[in-house]
Amino acid sequence: MKKILSIGCTAVLAAVVACAGCGKDGETADGEFLGLKKGETFTTDQEISLTFTRPTGNNAQEKWWTDTIAAFNEEYAGRIKVTCTTATRGNSREYEQKISIWAGSDSLPDVLYVDGPFVSNYANSGVLVPIDRYIYEGYTDDFLDYVNDQNTYNGRLYTLSIVDSTVVLFYNKTVLSEERIAVPDEIADAWTFDELKTTATGLTKTVGAKKRYGLQIAGDAGEWLSYAFTPLWTEGVVNSEGKVTTGYLNGDAGVSAGEYLRSLVKSGAVYASATSSDFSAKTPTASMALMGTQNISEFLALGEDMCDWGVTFYPADDEGKISAPCGGWTLGITKNCASGKTVAASEFLKYCTSKEASESCARDTASPPSRKSLYETMPEYSDPNNAMYSVYSVIKSQILTSAQLRPKTVGYEVFSTEMSNALKDILYSTGYDTQAQIRNRLTTAATKIDASIAQIKIY
Amino acid sequence: MKTTSVRQKCIDRTGWLFMLPAIVFGTVFLIVPIVMCFLYSFSDFYMLRPEATQTVWFDNYVALFRDEIFGKAIGNTLLFVVIVVPVQCALALGLALLVNRKDRGYGIFKLAYFAPVITSMTVVSLLFQLFYARDGGVFNLLLSAIGVPAQGFLQDESQAMFCIIFMSVWQGAGYQMIIFLAGLQGVPKELYEAADIDAANAWDKFTHITLPSIAPISSFVFVITLVGAFKMFTQSYIMTSGGPNDSTLTVVYYIFQKGMSEQLVGYGSAISMLFTAAFILASVFKNLGAKGIGAYKKYRASVLGGY
């Protein structure tokens with residue numbers, strides 16, 4: 001009897017929400033709000049189970065997620081239970097390929113953690129559903145504007161972010177001090193790309209029997225080069241609709257960017273096959289490293305084994321303007337989340353992206369928070385006496401004044417892969433010494449990207 | 001009569017039971033995927049939104065014939081096949097002839113030549129990636145020792161495919177060698193003894209006894225090497241990601257790119273079907289060729305009276 005009663009209650013609850021939603025993704029009469037208002041408590045007669053999948057992170061990220069989900073399940077005991085599974089991120093888009101397979105086999109989890117630039121693609125294809133009718137008005141006001149922009153597609157909100165990331169220039173304090181090189185500590189004084197090249201070349205020398213490079217720019221195979229250097233395309237890499245790259249990627253700015261990057265590598269100052277440990281070692285292989293802020297937690301974990309390191313700004317263009325690559329991972333609800341569970345899923349999203357959760361994640365994983373207010377309240381970002389202030393104040397200035405999102409396009413997968421491949425060729429392969437050769441390579445990449453985007457239906 | 005019938009039925013049933021696993025696995029993992037792939041090739045199946053799939057008939061095939069990258073992938077694959085198949089088969093035969101002795105100590109050579117085969121292609125690819133590195137790679141260190149400037153190898157559009165070919169031949173030849181070796185050990189010794197009496201030299205013995213005797217095995221080795229070469233994927237995926245500038249992009253890698261990375265299952269299926277059709281055609285030509293050669297030999301034998 002009790003079982004029948006509980007099933008009945010669940011059915012009624014599901015029916016109420018489903019009737020309000022009238023569709024799998026909660027589509028209903030225009031603008032009708034379906035979530036919980038500010039201050040309202042989530043209630044249910046029967047515990048709702050949610051599945052959540054995210055990529056496997058580093059130790060700090062894993063610990064934060066484990067603690068946060070345990071805390072959520074405890075706070076919502078008897079009402080919502082989140083079961084988290086992880087999937088390998090991989091070095092060449094293995095995680096995104098898994099998402100494709102789940103979407104193709106109708107086995108997506110209820111909640112998914114996705115990389116920011118994929119929001120457009122997943123929103124267009126219906127993998128993620130809009131959540132703006134479940135998130136009360138004003139909730140996203142505290143989030144960084146570009147983060148909200150990243151999480152929005154066609155004017156509708158699809159995801160919420162906990163923390164963000166950006167690319168900064170890490171440097172070995174000991175080496176730069178020995179070489180009497182002063183590092184800019186104000187964003188207005190940031191090195192230009194040409195100054196970066198000059199400094200890196202000057203730092204490159206043989207120490208003992210080993211060559212010490214001035215700079216390392218290596219990253220993962222999938223998208224690093226496109227992520228790190230897209231800002232060099234000062235006229236943009238894709239048109240405003242996110243569908244055409246020909247004329248942008250292979251435009252004059254692109255050719256200049258290619259020439260600059262090739263000359264940087266040809267100068268001998270760049271360690272082509274570096275890993276983060278080549279920078280972090282006390283006797284480093286590279287004195288500076290252009291890397292993402294996600295490396296900070298690994299450096300902190302090294303403790304005594306880590307070199308004396310610092311951070312300065314992403315290089316500026318010739319006019320002194322910085323456009324720093326930004327954008328991070330973000331949480332969304334998938335099409336497989338039954339309409340009866342969407343409110344519960346949105347509660348989970350709000351819990352993970354709350355001010356408290358964002359602060360703890362930013363602190364524990366050494367990532368820049370996605371909320372504006374935290375840059376004023378977290379001591380790391382606001383108190384000059386804090387041990388990490390010298391690092392985080394640079395990141396704060398960069399994020400608040402110079403953030404540039406990765407391109408918003410439904411074809412980000414092919415865009416980033418092809419652009420990275422083209423850059424890899426231009427930087428390291430033979431036969432790209434003239435402007436024409438560089439333009440041809442970029443044109444090949446642009447043609448492939450455009451052809452692939454043209455094959456994706458815009459729904 | 002009745003007893004025989006029951007026994008026969010029992011034998012039939014046992015036979016079917018023995019065949020059942022092969023039928024089930026063959027159907028589930030071979031027939032069904034091929035049929036599905038065939039059907040998908042006429043659709044715009046996009047993996048992220050399968051519910052919106054529509055039939056587009058021959059649009060994917062038409063698009064393929066205009067796809068320059070597909071043309072490049074075919075060219076790269078053919079280059080790989082045309083070099084790898086004869087070189088690998090010849091090398092395997094050479095190695096088999098070398099180790100086809102019962103003298104003490106030759107076993108170690110069999111093991112040495114076969115060792116790369118049991119090493120994962122992924123591991124081998126990663127190792128050779130390091131060997132081919134411009135800075136500090138083994139091959140460039142060896143070249144610099146004899147005064148040759150450092151080569152781009154995998155970073156050079158004109159060298160990358162040949163680097164992969166070299167590695168593939170080295171890695172795969174041991175497998176074919178073992179098959180050739182089995183064939184060589186089946187050649188009757190009397191034939192060689194008779195040839196010795198006739199004062200035949202080593203080359204004559206090889207061309208008139210060894211090669212004809214292992215012809216059926218050679219044909220098998222040729223076919224498996226050909227099929228393996230056409231399916232080349234791992235090396236390009238691990239070592240070059242199809243680059244530089246698509247110079248190592250093969251057809252199978254392009255299927256993977258389109259079908260998995262770009263989620264365009266319909267388009268990827270169309271490439272797969274064309275590839276399958278090419279294989280079927282190649283098999284038909286191979287069989288026709290074999291029949292033609294057989295008929296010619298028969299005719300020649302009848303004309304020459306058995307000589």
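Two residues are in contact if their C-beta atoms, placed from the backbone, lie within 7 Å. Helices (H or I, at least four residues) and strands (E, at least two) are DSSP runs, numbered from the N terminus.

1. Basis. This is a predicted model, in which local features need pLDDT of at least 70 and side-chain atom pairs count only at pLDDT 80 or more, while totals for chains, interfaces and linings use all residues. Residues are numbered from 1 along each chain as its sequence is written, and chains are lettered from A and ligands numbered from 1 in the order in which they are written.

2. Confidence in chain A. The average pLDDT (the predictor's confidence in each residue, from 0 to 100) of chain A is 89, and 92% of the residues score at least 70. Over residues 1–29 of chain A pLDDT stays under 50, and the model has 37 contacts beyond four places in sequence for them. Where pLDDT is low, the predicted coordinates should not be read in detail.

3. Helix α13 of chain A. This helix covers residues 355–364, and its buried residues (20 or more other C-beta atoms within 10 Å of their own, C-beta atoms being placed from the backbone) are Ala357(A), Ser358(A), Cys361(A) and Ala362(A). They lie on the same side of α13(A), because they cover an arc of only 130° around the axis, taken from the directions from the helix axis to the C-beta atoms. Their packing partners in chain A are α2 (59–75), α12 (342–352) and α14 (374–377).

4. Val119(A). This residue lies in helix α4 (residues 119–125) of chain A. Val119(A) counts as buried because 25 other C-beta atoms lie within 10 Å. Leaving out residues up to four places away in sequence, Val119(A) touches several residues, among them Val114(A), Tyr158(A) and Thr330(A).

5. Form of chain B. Chain B has 13 helices and 0 strands. Its radius of gyration, taken over C-alpha atoms, is 25 Å, well over the 19 Å that the globule rule (2.2 Å times the number of residues to the power 0.38) gives for 307 residues, so chain B is more spread out than a compact globule. The C-alpha trace of chain B spans about 85 × 75 × 40 Å along its principal axes. Of the 307 residues in chain B, 31% are buried.

6. Domains of chain B. An automatic or database domain assignment gives domain 1 (1–32) and domain 2 (41–304). The centres of these two domains of chain B, taken over C-alpha atoms, are 36 Å apart.

Methods. Buried ≥ 20, exposed ≤ 12 C-beta atoms within 10 Å, placed from the backbone.
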